[in-house]
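Have a look at the model first, then we'll go pair by pair.

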Amino acid sequence: MNWILLIIAGFFETAFAACLGKAKETTGTEMIYWYIGFGICLSISMLLLVKVTQVLPIGTAYGVWTGIGAVGTVIVGILVFNEPATFWRIFFISTLIASIVGLKVISN
């Protein structure tokens with residue numbers, strides 16, 4: 001269950017980064033809504049991370065959390081913000097995914 005919560009926390013990390021990107025593209029009330037979404041996603045992500053670190057090792061949990069957030073943010077950047085999907089970006093994101101899986105495999 002803690003691994004599922006950690007994955008969800010990583011998704012909320014991706015969401016708060018996406019909210020920052022959308023806030024940058026907007027003005028006025030819409031920008032404020034994106035910043036509110038950022039705050040909500042940030043809070044949920046951190047609370048879930050705190051919860052899972054009570055059971056999982058901090059190094060593993062934090063590494064997986066940031067890895068999910070990084071991979072998710074790059075994917076959102078490519079799909080939503082039209083960032084380039086070059087060979088090297090995909091290559092290094094793939095190695096990051098392999099590292100996240102490796103951390104899960106070696107954890108008790």
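Start with α2 and α3: these two helices pack at an angle of about 150 degrees, with their axes 10 Å apart. Angles over 145 degrees count as roughly antiparallel, and α2 and α3 are therefore roughly antiparallel to each other. Their crossing is right-handed. On the α2 side, the contact is made by Ser-45, Met-46, Leu-49 and Val-52, while α3 brings in Ala-61, Tyr-62 and Trp-65. Sorted by class, that contact has six nonpolar residues, one polar and no charged.

Now for α3 and its packing with α1. Helix α1 covers residues 2-25 and helix α3 residues 58-79, and they pack at about 40 degrees. That makes α1 and α3 oblique to each other, and α1 passes α3 in a right-handed crossing. Among the α1 residues in this contact are Trp-3, Leu-6, Ile-7 and Phe-11, and α3 meets them with a set including Val-64, Trp-65, Ile-68 and Val-76. The charged residue class includes Glu, and Glu-13 of α1 is part of the contact.

Here are the two pairs side by side:

| Helix pair | Angle | Axis distance |
|---|---|---|
| α2 and α3 | about 150 degrees | 10 Å |
| α1 and α3 | about 40 degrees | 8 Å |

How far can you trust it? This is a predicted model, with a mean pLDDT of 95 for the chain and 99% of its residues at 70 or more.

Definitions and conventions:
Residues are numbered from 1 along each chain as its sequence is written. This is a predicted model: local features need pLDDT of at least 70, side-chain atom pairs count only at pLDDT 80 or more; totals for chains, interfaces and linings use all residues. Side-chain values use heavy atoms; hydrogens and water are left out. Axes are lines fitted to C-alpha atoms, for helices over the stretch in contact, and angles run from 0 to 180 degrees between N-to-C directions. Helices (H or I, at least four residues) and strands (E, at least two) are DSSP runs, numbered from the N terminus. Angles under 35 degrees count as roughly parallel, over 145 as roughly antiparallel, 65 to 115 as roughly perpendicular and the rest as oblique. A crossing is left-handed if the near helix is turned anticlockwise from the far one by less than a right angle, and right-handed if clockwise. Contact means heavy atoms within 4.5 Å. pLDDT is the predictor's confidence in each residue, from 0 to 100.
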